[in-house]
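Subject: Structure handover

Hello,

Here is the structure we talked about. Please open it alongside this note.

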Amino acid sequence: MNVIYILWLRELKRFLRSPVQVLGSLAQPAFFLLALGFGFNPVFEKAGQGSYMQFMAPGMIGMTVLISSAFSGVAVLWDRQFGSLKETLVAPVPRLYIMIGRTFGGATVGVLQGVLILLLCMVTGFRPQHFSAVVSGFGFVAMIAICFAALGMIIGSTLKDMQSFNVVANFMVMPMVFLSGAFYPLDNLPLILSVLTRINPLSYGVDGLRGTLIGHWHFNYFLDMTLLSCVGAVFLIAGAYSFSKIEI
Amino acid sequence: MIRVDNLTKTFKAFEAVKGISFHVAPGEIFAFLGPNGAGKTTTIKMLTTILRPSSGTVMLDGLDPEHHKMAARKKFGIVFQDSSLDGEQTAYENMEMHGVLYHMPKKVRAERIERMLTTFELWDRRKDYVKKFSGGMKRRLEIARGLMHSPKILFLDEPTLGLDPQSRNQLWTHVKHLNETENTTIFLTTHHLDEADRVAHRIGIMDHGLLIAQGTSAELKEQTNTSTLEDAFLALTGSSLRDEDASSTDQLRDYAQIQGSIK
Ligand SMILES: Nc1ncnc2c1ncn2[C@@H]1O[C@H](COP(=O)(O)OP(=O)(O)OP(=O)(O)O)[C@@H](O)[C@H]1O
Ligand SMILES: [Mg+2]
């Protein structure tokens with residue numbers, strides 16, 4: 001238990017100790033919010049869809065949480081290259097504990113980032129339907145964080161070098177974000193997009209967030225939660241497995 | 001205490017360790033010598049459960065690490081050849097993490113951390129981030145950490161790499177003391193042959209993945225008809241250089257160090 005706690009704490013400290021990184025990771029969503037949020041607002045309103053800022057804010061929260069938790073999962077790769085992972089791998093501790101501590105640490109960081117970006121959205125004019133919406137939205141933030149921290153763990157334990165890491169970052173993270181309904185409604189999409197968005201777990205996270213925060217659902221609460229829980233469980237198991245296979 | 005039979009390791013097509021066998025008695029200090037790329041580190045990795053042997057068996061204090069990983073890991077401590085510190089945490093936090101990983105109770109942990117950091121003259125710097133340490137200080141911290149939980153078997157992979165003479169002396173004095181008072185079995189590698197000659201009870205010499213000689217320093221000298229361990233070593237391994245391709249990990253690490261030092 002202590003072991004899980006101290007590894008969790010390490011991830012958290014890492015985050016809290018680098019304010020530059022914290023602010024840096026908020027720059028991209030902030031930019032999207034301002035440029036796209038205000039930019040698309042008139043067209044969106046004209047189309048009778050209401051405020052684009054309202055619409056996209058939950059998407060930005062989902063995106064930030066995904067990126068932040070996925071990257072802290074992938075940090076395993078970094079720690080392996082620079083050595084500090086070895087120290088935990090020779091210790092008389094089941095690898096599962098190490099994996100859990102790290103993954104939940106990464107997920108916690110993702111949640112914190114989610115909270116920060118929510119505040120930022122509120123500054124730029126986003127308003128959730130009521131206070132309790134934030135509480136239930138939080139459940140989806142946590143689910144997204146766990147799913148993608150675990151996915152990051154799978155990737156980080158499987159990849160061997162940093163070059164392939166860039167490939168993954170570009171060919172996985174960005175498509176997932178753009179094919180999730182973070183930026184546009186999922187109604188009436190062409191078939192191929194509709195299929196792609198449906199197999200993307202982030203779609204359900206963004207939908208859950210948007211549903212709870214502003215009452216705009218594409219799927220429904222039950223479907224979103226069930227799907228994310230299943231995906232999360234599969235990713236955690238796969239993450240634990242690939243972590244247990246790491247050799248130095 | 002350590003028994004190795006016919007151990008091999010093959011990376012893709014390359015055989016890094018080619019069926020070596022040896023044993024180390026309880027309380028013995030065993031020096032494992034060999035030119036660059038001989039396969040010393042690879043052997044240590046297999047002994048310490050982070051690399052799976054391609055074939056052959058390992059026994060640590062009667063336990064097969066392949067099947068009793070946890071029990072085997074409790075028995076040893078290790079100082080790796082390359083850094084395994086967490087630069088983003090302070091020296092104290094690195095020690096604390098180690099204590100937790102080795103299930104040391106809180107009070108014992110605090111005492112041991114203070115003792116080890118004081119021994120290796122890092123106590124004053126305990127609150128500094130490890131990334132700000134000099135190479136030698138990192139090395140000392142790594143050693144202090146490896147010794148912290150008083151293991152039964154201690155693996156030291158080139159522990160004196162980059163250390164000044166004072167620290168080297170301190171290290172070997174401490175290691176000998178541990179060996180004498182707590183009967184710790186020690187398995188070490190080094191390229192400073194005089195150190196090996198001074199501290200080791202027995203020596204094994206490895207080259208190109210094979211264990212080509214073992215015995216006491218005197219036996220090795222006698223066998224090769226030489227007067228110093230260095231001459232014996234050269235007689236056994238030849239004097240050609242080993243051209244080693246730096247692996248991509250090494251290059252990356254160098255790159256990161258350059259980056260780090262620029263920052
Ligand atoms: N992960 C790996 N993949 C492929 N080859 C490897 C790997 N690790 C080590 N080797 C190769 O195995 C050989 C033995 O390496 P090892 O690190 O065990 O040498 P060493 O005896 O510790 O040398 P040194 O004195 O330089 O530390 C080298 O040729 C090395 O390139
Ligand atoms: Mg080596």
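Predicted model: local features only at pLDDT ≥ 70, side-chain atom pairs only at ≥ 80, totals over all residues.

**Ligand 1**

The shell around ligand 1 has 14 residues. B:Gly37, B:Lys40, B:Thr41, B:Thr42 and B:His191 are the closest of them. By type, the shell splits into 7 polar, 4 nonpolar and 3 charged residues.

Which elements supply at least two residues of the shell? They are β2 (14–24) and α1 (40–47) of chain B. Helix α1(B) gives the most, with 3 residues.

- B:Thr42 places a polar side-chain atom 2.6 Å from a ligand oxygen.
- B:Gly39 has a polar backbone atom 2.9 Å from an oxygen of ligand 1.
- B:Ala38 has a backbone N or O atom 3.2 Å from a ligand oxygen.

How much of ligand 1 does the protein bury? Taken alone, the ligand exposes 640 Å², and the protein buries 70% of that.

**The sheet of 3 strands**

Strand β2(B), part of the ligand shell, also belongs to an open sheet of 3 strands. The order is β2-β1-β4 in chain B, and the pairing is antiparallel. The edges are β2(B) and β4 (55–60) of chain B. Each has a single partner strand, so one side of each is left without a neighbour in the sheet. From one strand to the next, the twist averages 20 degrees.

Now the pairings. Strand β1 (residues 2–11) of chain B runs antiparallel to β2(B), and 8 bridges join the two. β1(B) also runs antiparallel to β4(B), here with 5 bridges. B:Val4 is a handy landmark for both pairings. Its bridge partner in β2(B) is B:Phe22. In β4(B), B:Val58 stands opposite B:Val4.

β1(B) and β2(B) form a hairpin, with 2 residues between them. B:Lys12 sits in that turn and has a positive phi of about 45 degrees.

Which helix packs on this sheet? Helix α1(B) does, touching β1, β2 and β4 of chain B. Its direction makes about 115 degrees with that of β1(B).

At the β9(B) end, 5 bridges join it to β8 (residues 202–207) of chain B. These two strands run antiparallel. B:Gln214 in β9(B) stands opposite B:Gly204.

Over to you.

Best wishes

Terms used: Residues numbered from 1 in each chain as written. Chains lettered and ligands numbered in written order. Heavy atoms only, no water. Near = heavy atom within 4 Å. Polar contact = N/O pair within 3.5 Å; in protein donor to acceptor, adjacent residues only side chain to side chain. Areas by Shrake-Rupley, 256 points an atom, 1.4 Å probe, with all protein chains shown as cover. Helix = DSSP H or I, 4+ residues; strand = E, 2+ residues; numbered from the N terminus. Nonpolar A, V, L, I, M, F, W, Y, C, P; charged D, E, K, R; others polar. Pairing = 2+ DSSP bridges. Axes fitted to C-alpha atoms, helices over the stretch in contact; angles between N-to-C directions. Contact = heavy atoms within 4.5 Å.
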